[in-house]
Amino acid sequence: MALNFTHLHFPLLFLIITTIFLCISSTFAAKPKNFYPFFKVDADGIIHRYQHIKLVPPSNNPKTGVQSKDVTILPQKNVSARLYLPKISRKKQKFPLLFYIHGGGFCTQSAFSSIYDSYLHKLTSEANVIIVSIDYRLAPEHLIPACYDDSWAVLNWAAQGTEPWLKIHANFSRVFLMVRASEENHFVASLVGMALIDPYFGNGKPDSLWTYLCPKSNGINDRRFNPAAHMSVLSELKCSKILVCTAGKDFLRDRAWTYYETLKNSGWKGELRMKEIEGEGHVFHLFNQTSEKAKVLMKSIVHFLA
């Protein structure tokens, strides 16, 4: 007896269309990404971070006299900062103002982490500066340029001079920072210096992390990532001195030196210093803050800020 498949026409058609759709969907589905030791992203877009960052509250140190507190800058974007105030020996005493931008490849760490909080307590005490440590939004949840925009917003917030500690104790004629500066910012006339500690710069070669975190960049030579590729921009930097620090075993050592050499030959008229700590790796001064070499680096930074 002959078989009649007429009654199977629509289910079969549905099966064929569904199969084609699944094939197309799998073709265009995002591929998993792994950026160890920072994070990985599943095909469905779920982000998993490898590092657990221990956060600590602000505190006052009775031995050094350093105080700290947290301030919310942009509540709608969860942008804030931790402020550090050195020991006050006289009424309305003024201190240089340092804006500190924590590291972590744009995608990890926090201004409130235990290692940065501990380090900045020490730096505040030894350098006798007010520090504004910026807690910017992290990638990949907030892609670049979010971190730049957040830092810029905090810089302009501080320039208003309404925050009590800054209003009373900050010397706005001596400002140090690690973020971009332009003619629109209130600090340009008083910008003294910039310190780059183990900087993560591009080197003209493909960088998968930067490309993923900044999909709308101008490529590997985007001036935010590889400023050494833009000598004319370096020559116009709005500060009078710059300190570049690296370590002998830092995997980013060559990039720091490239920045230093390019800036030195750019025609920039400021004072340029380079400090390399032999035999140490990337950000060793954070992970072993009491070591002798960490103390050597601290002295160099303190001297630069003096």
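The legends below describe close-up views of a predicted model.

Residues are numbered from 1 along each chain as its sequence is written, and side-chain values use heavy atoms, with hydrogens and water left out. Because the model is predicted, local features need pLDDT of at least 70 and side-chain atom pairs count only at pLDDT 80 or more, whereas totals for chains, interfaces and linings use all residues.

**Figure 1. Overview of the chain, with its nine helices and eleven strands.** Helices (H or I, at least four residues) and strands (E, at least two) are DSSP runs, numbered from the N terminus. Of the 306 residues, 44% count as buried; buried means under 20% relative accessible area, exposed over 50%, and partly exposed in between (1.4 Å probe, protein chains only). The chain exposes about 16700 Å², and carbon and sulfur atoms supply 58% of that area. Accessible areas come from the Shrake-Rupley method with a 1.4 Å probe; for residues, only the protein chains shown count as cover. Among contacts (heavy atoms within 4.5 Å) between residues at least 6 apart in sequence, 66% join residues at least 24 apart.

**Figure 2. The open, three-stranded antiparallel sheet β1-β2-β3.** The edge strands, β1 (33–35) and β3 (47–49), each pair on one side only. Strands pair if DSSP finds at least two bridges between them. Three bridges join β1 to strand β2 (residues 39–41) in the antiparallel sense, and Asn34 has Lys40 in β2 as its bridge partner.

**Figure 3. Leu55, in the loop between β3 and β4 (67–74).** Leu55 counts as exposed because its relative accessibility is 53%. Leaving aside neighbours within four places in sequence, Leu55 is in contact with Ser110, Phe112 and Ser113. The C-alpha atoms of Leu55 and Asp117 are separated by 8.8 Å, although these residues lie 62 residues apart along the chain.

**Figure 4. The largest nonpolar core, of 53 residues.** A nonpolar core is a set of buried Ala, Val, Leu, Ile, Met, Phe, Trp, Tyr and Cys residues joined through side-chain atoms within 4.5 Å. Phe99, Val132, Leu166 and Tyr259 touch the most other members. Helix α3 (residues 146–159) supplies the largest share of this core, seven residues. Not counting residues up to four places away in sequence, Leu166 touches Leu83, Leu97, Ile130, Val132, Trp157, Ala158 and Phe172. Another core, of 29 residues, lies apart from the largest one; among its members are Leu120, Ile131, Ala195 and Ala294.

**Figure 5. Strand β9 (residues 191–197) and its parallel partners.** Six of the seven residues of β9 are buried, so the strand is largely enclosed by the rest of the structure. Two bridges join β9 to strand β8 (residues 170–176), in parallel, with Val175 opposite Leu191 in β9. Strand β10 (residues 241–247) also runs parallel to β9 and is joined to it by five bridges; here Ile197 stands opposite Cys245 in β10. In a regular strand the side chains alternate between the two faces of the sheet.

**Figure 6. Helix α9 (residues 292–305).** This helix has 14 residues and reaches 20 Å from its first C-alpha to its last, close to the 20 Å expected at 1.5 Å a residue. The expected span is 1.5 Å times one less than the number of residues. The buried residues of α9 are Ala294, Leu297, Met298, Ser300, Ile301, Val302, Phe304 and Leu305. An α-helix has 3.6 residues a turn, so residues three or four places apart point the same way.
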